[in-house]
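Reader: I've got a protein model open and I'm a bit lost. Could you walk me through how to read it?

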Amino acid sequence: MAVSQLLSRKQLKGPYTAVAQALEIIPRTLAQNCGANTIRTLTALRAKHASHSGDGVCAWGIDGESGQIVDMNVKGIWEPLAVKMQTYKTAVETAILLLRIDDIVSGSKKRGDDIVNPAAAAQGQE
């Protein structure tokens, strides 16, 4: 949620907005799995992150057992930066790979439109 809030505050457009929205799926899914009221929980979590003005990273999150908003530092839950960076890097690489595959499939379909009957074209008949 902290990264999503930072991306949203910067008033960035395009892919940054999409990434910010995608990152909010994580706490939403966690709240749903806990049986918490998703809209109220996410609204309260956004308010906690928006009102954070101290030094360091805002550590408010959703307790996976109770669905309550808690300070993750108090619960003893930390996410190492290396794990987050690798996760984001893998997600972006996967998206790029899917876009490349889509381009290849789209390109082969366009070339295939010229040939009405592929079996006949292979034998030299149309």
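Reader: Among contacts in the protein between residues at least 6 apart in sequence, what percentage join residues at least 24 apart?

Author: Keep in mind that this is a predicted model. For contacts between residues at least 6 apart, the share joining residues at least 24 apart is 37%.

Reader: And which elements do I meet along the chain?

Author: Start by counting helices and strands, then read their order. Here you'll find 7 helices and 2 strands. Going from the N terminus, the order is α-α-α-α-β-β-α-α-α.

Reader: How much of the protein is buried?

Author: Buried means under 20% relative accessible area. Of the 126 residues in this protein, 20% are buried. As for the surface, the protein exposes about 9,600 Å², and carbon and sulfur atoms supply 59% of that.

Reader: Which residues make up the largest nonpolar core?

Author: That core has 5 residues: Met1, Ala31, Leu42, Leu45 and Ile62. Take Ile62 and skip its neighbours within four places in sequence: its contacts then include Ala31 and Leu45, along with Pro27, Leu30, Thr41, Gly67, Gln68 and Met72.

Note on methods
Residues are numbered from 1 along each chain as its sequence is written. This is a predicted model: local features need pLDDT of at least 70, side-chain atom pairs count only at pLDDT 80 or more; totals for chains, interfaces and linings use all residues. Side-chain values use heavy atoms; hydrogens and water are left out. Helices (H or I, at least four residues) and strands (E, at least two) are DSSP runs, numbered from the N terminus. Buried means under 20% relative accessible area, exposed over 50%, partly exposed in between (1.4 Å probe, protein chains only). Contact means heavy atoms within 4.5 Å. Accessible areas come from the Shrake-Rupley method with a 1.4 Å probe; for residues, only the protein chains shown count as cover. A nonpolar core is a set of buried Ala, Val, Leu, Ile, Met, Phe, Trp, Tyr and Cys residues joined through side-chain atoms within 4.5 Å.
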